[in-house]
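Here is a short briefing on one protein chain. Look at the structure first, then work through the points below.

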Amino acid sequence: GKSAVAKAIHAISNRANGPFIEVNCAVLHENLIESELFGYEKGSFTGANQSKAGMIEAADHGTLFLDELNSLPLELQGKLLRTIETKTVKRIGSLKSRQVDFRLIVASNVDLLQCVKNKTFRLDLYYRINVLAFHIQPLRRRPEDIIPLARAYEKIFQERYKRNRAFSANLYREMLAYSWPGNVRQLE
């Protein structure tokens with residue numbers, strides 16, 4: 001799904017030799033997400049025994065993929081917007097900003113414009129990130145992708161586990177008839 005598309009964009013881009021950093025905003029605890037994204041300086045809070053670069057700095061000269069961006073708290077949306085606009089990141093506890101150069105890809109499982117209307121997503125950030133938008137249909141609506149994806153994963157796992165096993169024609173028929181509620185991740 002979304003992650004595979006983001007990785008494919010990165011792989012064919014002029015940033016392919018740079019890092020691909022993936023962050024699922026929905027799984028990071030609200031108290032940790034700022035330090036994970038922006039990093040922190042030694043002594044900036046209890047337990048900060050050393051300085052640490054955040055995910056944004058880690059994506060320098062590469063791609064940062066923020067999945068479930070709608071889960072990012074409003075106050076951090078403003079900080080992310082500033083980072084995008086100024087191409088700088090400021091670690092927690094730092095007085096100094098650092099230059100960063102990264103491609104940003106974002107994804108959401110909900111309509112961000114509806115989140116703007118519900119006042120859970122910033123309109124200015126929405127317009128900043130809504131440069132090239134596309135909707136990825138669920139796998140059940142893309143049956144033509146099921147067999148090629150299954151074959152690709154079959155090959156990956158054959159190489160990984162050094163086994164030469166193949167799906168049967170009957171299994172392919174069952175795959176095509178299945179609704180795939182977990183999308184590509186479930187197929188994998």
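A search of the whole structure finds 12 salt bridges. This is a predicted model. Side chains of opposite charge can pair when their charged atoms come close.

**A buried pair and its network**

- Glu41 and Arg91 form a salt bridge through their side chains, at 3.4 Å from N to O.
- This pair links distant parts of the chain, 50 residues apart. Glu41 sits in the loop between H2 and H3, while Arg91 sits in the loop between S3 and strand S4 (98–99).
- Is Glu41 buried or exposed? Its relative accessibility is 17%, so Glu41 counts as buried; the cut-off is under 20%.
- Arg91 is buried too, because its relative accessible area is 11%.

- The side chains of Glu85 and Arg128 meet in a salt bridge of 3.3 Å, N to O.
- Glu85 belongs to helix H4 and Arg128 to helix H6, so this pair ties together parts that are 43 residues apart in sequence.
- Glu85 has a relative accessible area of 45%, so it is partly exposed. Arg128, at 40%, is partly exposed as well.
- Arg122 and Asp124 also meet in a salt bridge, at 2.6 Å from N to O.
- Arg122 counts as partly exposed at 30% relative accessibility. Asp124 is partly exposed at 35%.
- Elsewhere, salt bridges that share partners join Glu41, Glu57, Arg91 and Arg98 into one network.

**Helix H4**

- How far apart are the end C-alpha atoms of helix H4 (residues 74–86)? They are 19 Å apart. At 1.5 Å a residue, the 13 residues should span 18 Å, so the two values agree.
- Several H4 residues are buried, including Leu76, Gly78, Leu80 and Ile84. Gln77 and Thr83 are buried as well.
- Which elements do the buried residues of H4 pack against? The helices are H2 (33–38), H3 (55–58) and H6. The strands are S2 (63–67), S3 (88–89) and S5 (103–106).
- Just after H4 comes Lys87, with a positive phi of about 55 degrees.

**A nonpolar surface patch**

- Leu113, Leu123 and Tyr127 make a nonpolar surface patch of about 290 Å².
- Tyr127 lies in helix H6 (residues 123–129).
- Tyr127 counts as exposed because its relative accessibility is 56%, and the cut-off for exposed is over 50%.

Key
Residues numbered from 1 in each chain as written. Predicted model: local features only at pLDDT ≥ 70, side-chain atom pairs only at ≥ 80, totals over all residues. Heavy atoms only, no water. Patch = residues over 30% accessible without salt bridge, like charges linked within 9 Å, V, L, I, M, F, W, Y side chains within 5 Å. Areas by Shrake-Rupley, 256 points an atom, 1.4 Å probe, with all protein chains shown as cover. Salt bridge = Lys/Arg side-chain N within 4 Å of Asp/Glu carboxyl O. Helix = DSSP H or I, 4+ residues; strand = E, 2+ residues; numbered from the N terminus. Buried < 20%, exposed > 50% of the residue type's maximum accessible area, 1.4 Å probe, protein only. Expected span 1.5 Å × (residues − 1). Contact = heavy atoms within 4.5 Å.
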